[in-house]
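Me: I have a structure open and have not looked at it before. Can you walk me through it?

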Amino acid sequence: MDDPLEARAVSLVKSGDTAAYDYLVSKYLKRVVSVAWGIVRNAHDAEDLAQEAFVKAFRNIERFRSDEPCGPWIFRIVSNLSLDVIKHIKRVHHEELTDVQPAARRDVADLGAQSNEIASRVDAAIESLPEMQRIVARLHLVEQFEHAEIAAMTGLSDGTVRSHLSHARRKLKEQLADLYGDSHE
Amino acid sequence: MSDFFERLRTDAAPLRFEPDGAMMSRIAARVRERISQPTVAQLIAAWFRPLAASLAAVAILASVGLVFASDNSSSDDQQQFASSNYEISMAGSDLSVGN
């Protein structure tokens, strides 16, 4: 593990020191909320899911190996919880999620008008993809996870992740041809 | 990965959702509150542990009591047997055994 403080916090939590868990929450909170939001696209649900993921991780910390970083493990928990929510919503409503809220971007004020427009176009293009392509593409493009990490987080095989990304790339390239027309494969 | 995807990745990075300070504080506080509360299993264990200990103590006392009562009972039988008179008739003679 790269972070000795994290290893120390994990062993303290395992020995019953709940206050030490604050370090892990503060370290991964932003990313965990962002991963949840990327899947459910709803700030309120993302907040609940992040909370649930941290509590679940705490309850199961005995099973976690202290020499590994916590991040991938917590991201996997929040991804699974978020995917369960999507499945539940689909089962109840039998329809795609349409209540999409715009992302609260940290650097929206720092982006120039042109960059902002590009980001909006990219966001809309990703959102237009079929559900699993959208989730995988968002985890790869926005959250910057690699194939193997996405496979571990979503429970999909590495091949399926690559397949989703390949389809997503083709569709995104078509939709964003005017922005990335000069890019080559 | 293609050049297109690499450029897209760079442009998509700012799309990451950034929770505001209030949301982060809320989540951290709720997590802290929830992990400091015992789980249902821990609550049940807390209730059942003394109950199980009491039942075990009662069972041990009952076992000891039964063994003690059983020992006393057999020694009483022996005393009663020893203090009784028995008469045996054999070949026209009456013989008496005991006190």
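Me: Fine. How many helices and strands does chain A have?

Reply: Chain A has nine helices and zero strands. Buried residues make up 34% of its 185 residues.

Me: What is the average pLDDT of chain A?

Reply: The average is 86, and 85% of the residues score at least 70. Among the helices, α3(A) has the highest confidence in the chain, at 95, while α5 (residues 113-127) of chain A has the lowest, at a mean of 84.

Me: Where does pLDDT stay under 50?

Reply: Over residues 106-111 of chain A. The model has six contacts beyond four places in sequence for that stretch. Where pLDDT is low, the predicted coordinates should not be read in detail.

Me: OK. Which domains is chain A divided into?

Reply: Domain 1 covers 1-100 and domain 2 covers 102-185. Each side puts residues into the contact: 11 residues come from domain 1 of chain A and 11 residues from domain 2 of chain A.

Me: Which elements do that on the domain 1 side?

Reply: Two elements of chain A give two or more residues there, α2 (21-40) and α4 (70-93). The most come from α4(A), with six residues. By type, the domain 1 side that touches domain 2 has six nonpolar, four polar and one charged.

Me: Is Phe75(A) buried or exposed?

Reply: Buried: Phe75(A) has 24 other C-beta atoms within 10 Å, and the cut-off for buried is 20 or more.

Me: What does Phe75(A) touch, leaving out residues up to four places away in sequence?

Reply: Phe75(A) touches Val32(A), Val35(A) and Met153(A). As for Ala46(A), it is 29 residues from Phe75(A) in sequence, and the two are 13 Å apart in space, C-alpha to C-alpha.

Me: Switching to α6(A). How many residues does that helix have, and how far does it reach?

Reply: Helix α6 (residues 131-142) of chain A has 12 residues and reaches 15 Å from its first C-alpha to its last. That is close to the 16 Å expected at 1.5 Å a residue.

Me: Why is α6(A) described as largely enclosed by the rest of the structure?

Reply: Because 10 of its 12 residues are buried. The buried residues include Ile135(A), Val136(A), Leu139(A) and Leu141(A), and Arg134(A) and Arg138(A) are buried as well.

Me: What comes after α6(A) that has a positive phi?

Reply: Gln144(A), with phi near 65 degrees. Gln144(A) sits in the loop between α6 and α7 (147-154) of chain A. With 13 other C-beta atoms within 10 Å, Gln144(A) is partly exposed.

Me: Which residue has a positive phi of about 55 degrees?

Reply: Arg41(A), which is not a glycine. Arg41(A) lies in the loop between α2 and α3 (43-59) of chain A. Arg41(A) is buried, with 23 other C-beta atoms within 10 Å.

Me: Now chain B. In what order do its elements run?

Reply: From the N terminus on, α-α-α-β-β. That makes three helices and two strands in chain B.

Me: What radius of gyration does chain B have?

Reply: Chain B has 42 Å, whereas a compact globule of 99 residues would have a value near 13 Å. Taken along the principal axes, the C-alpha atoms of chain B fill a box of roughly 130 × 35 × 10 Å. Of its 99 residues, 12% count as buried.

Me: Last topic: how many residues of chain B are in contact with chain A?

Reply: 29 residues of chain B are in contact with 40 residues of chain A. On the chain B side, the elements that give two or more residues are α1 (3-12) and α2 (21-36) of chain B. The most come from α2(B), with 11 residues.

Me: And how do the residues on that side of chain B divide by type?

Reply: The side of chain B that touches chain A has 15 nonpolar, three polar and 11 charged residues.

How values were computed:
Residues numbered from 1 in each chain as written. Chains lettered and ligands numbered in written order. Predicted model: local features only at pLDDT ≥ 70, side-chain atom pairs only at ≥ 80, totals over all residues. Contact = placed C-beta atoms within 7 Å. Helix = DSSP H or I, 4+ residues; strand = E, 2+ residues; numbered from the N terminus. Nonpolar A, V, L, I, M, F, W, Y, C, P; charged D, E, K, R; others polar. Rg over C-alpha atoms; globule rule 2.2 N^0.38 Å. Expected span 1.5 Å × (residues − 1). Domains from an automatic or database assignment. pLDDT = per-residue confidence, 0-100.
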